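Take a moment to look over the sequence and the structure. Then follow the paragraphs below, one contact at a time.

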Amino acid sequence: MSPHISPITDTESDLELTERIIAPDGTRVTNPQLDRYIEDIDFDALRGLHRDMVVLRRIDAEGVALQRQGQLGLWAPCNGQEAAQIGTGRAIEARDFVFPSYRETGVMYSRGAKPGDYVRMWRGEEGAAYDPAELRIAPLQIIIGAQTLHAVGYAMGIQHDGADEVAVTYFGDGATSQGDVNEAMVFASSYRAPVVFVCQNNHWAISEPVGLQSQFPLAGRAPGFGIPSLRVDGNDVLACMAAMRWALDHARSGKGPAYLEAVTYRMGPHTTADDPKRYRDEAELEQWRRRDPIARLEAHLRAAGEFPQEHIDAVQAQADEMAREMRAACLGMVTRPALAVFDRVYAEPHSGLERERDEYAAYLATFEEA
């Protein structure tokens, strides 16, 4: 599989350069490249994907609300990217290991994250929001693109151990201009490492549009490194699942790395510290509202007569319950003593660390005296 390399002239032509299975109006489209990867997906499975996306959107809305209410220091919304995250995330096998950026809430959900896991890091309670070994997903990475190098290093370790695993790394369109991402692809290609690169092209790197990153599809860059790539409609959950299954099969079979570009859209701000109204046009938002990934799958299920009211009610109840549990977990967190930051830094006592602890304790004492 290889991407089209025609230049992007506007949003409509951009979307025509993607592979899809469900069109924006919900119509099923025949796709010779991808259909064989989702032959097992029946309507029950589709309703499960719909549930996942609805719950994810509710988690995201609750995260924004908690930040606005002063309970979180920051939140990175993923509204609009539900299909890209749930579709690819549900395709990843339990034995594989994921290296995310800071926006992969849906991938966390698909790996079995608990309600408190979504907020712990953003609240500043722990360096990692969850147990990476339990979820098999590395801590959220704030440094743009750094996680791609970590993923390739892990994948080279998989080769060394002879394990039947794949490393998967997620990043945004802005990260493709970072040296780390390009260096990661050099090493992955040279060593034929079992790693899948997933670029969620959400059209905006903070306040810069993707057109400033490249006038051509980002998936076209990977073949220059000797890495096969596929460009999919990131708002089509079935296409995202099928593409990820193709990429995982490629990497797991010893053929080396694979690259996916999921073309989607960030409906909200880059983070809750951002104001997208300063750089985005409302007409552009309206265009993408008509391509909403959840509405698209709902239209497909309704047309097939497979979207009963009891499913709708059950999904909404599950989403609301998740939000309640997430809020309760957040508000119930007890902040560790400040000096606990020095705990478990080294396996054995260290005189330098003890000196730093004493100095920090003396500094904290000045506030108590005041």
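With which residue does Arg95 form a salt bridge, and how far apart are the closest N and O atoms? The partner is Asp164, and the closest N and O atoms are 2.2 Å apart. Keep in mind that this is a predicted model. The pair links distant parts of the chain, 69 residues apart. Arg95 sits in the loop between helix 3 and strand 1 (97-99). Asp164 sits in the loop between helix 6 (146-161) and strand 2 (167-172).

Are these two residues buried or exposed? Arg95 has 30% relative accessibility, so Arg95 counts as partly exposed. Asp164 has 42%, so Asp164 is partly exposed as well. The pair also belongs to a wider group. Glu93, Arg95, Asp96, Asp164 and Arg252 are linked in a network of salt bridges.

The whole structure holds 27 salt bridges. Another of them joins Glu134 to Lys114, with the closest N and O atoms 2.7 Å apart. Glu134 lies in helix 5 (residues 132-135), while Lys114 lies in the loop between helix 4 (105-110) and helix 5, so this bridge ties together parts that are 20 residues apart in sequence. Glu134 reaches 51% relative accessibility, so Glu134 counts as exposed. Lys114 has a relative accessible area of 43% and is therefore partly exposed.

Now turn to Asp117 and Arg120. Their side chains meet in a salt bridge, at 3.0 Å from N to O. Asp117 has 7% relative accessibility, so Asp117 counts as buried. Arg120 has 23%, so Arg120 counts as partly exposed.

Next come two helices. At what angle do helix 2 and helix 3 pack? Helix 2 (residues 43-68) and helix 3 (residues 82-91) pack at about 130 degrees. Their axes are 10 Å apart. Angles over 145 degrees would count as roughly antiparallel, and 65 to 115 as roughly perpendicular. Helix 2 and helix 3 are therefore oblique to each other. Their crossing is right-handed.

Which residues make a nonpolar surface patch of about 420 Å²? Val341, Tyr360, Tyr363 and Phe367 make this patch. One of them, Tyr360, has its place in helix 12 (residues 351-369). Tyr360 counts as partly exposed because its relative accessibility is 30%.

Terms used:
Residues numbered from 1 in each chain as written. Predicted model: local features only at pLDDT ≥ 70, side-chain atom pairs only at ≥ 80, totals over all residues. Heavy atoms only, no water. Patch = residues over 30% accessible without salt bridge, like charges linked within 9 Å, V, L, I, M, F, W, Y side chains within 5 Å. Areas by Shrake-Rupley, 256 points an atom, 1.4 Å probe, with all protein chains shown as cover. Salt bridge = Lys/Arg side-chain N within 4 Å of Asp/Glu carboxyl O. Helix = DSSP H or I, 4+ residues; strand = E, 2+ residues; numbered from the N terminus. Buried < 20%, exposed > 50% of the residue type's maximum accessible area, 1.4 Å probe, protein only. Axes fitted to C-alpha atoms, helices over the stretch in contact; angles between N-to-C directions. Parallel < 35°, antiparallel > 145°, perpendicular 65-115°, else oblique. Left-handed = near helix turned anticlockwise from the far one by under 90°.
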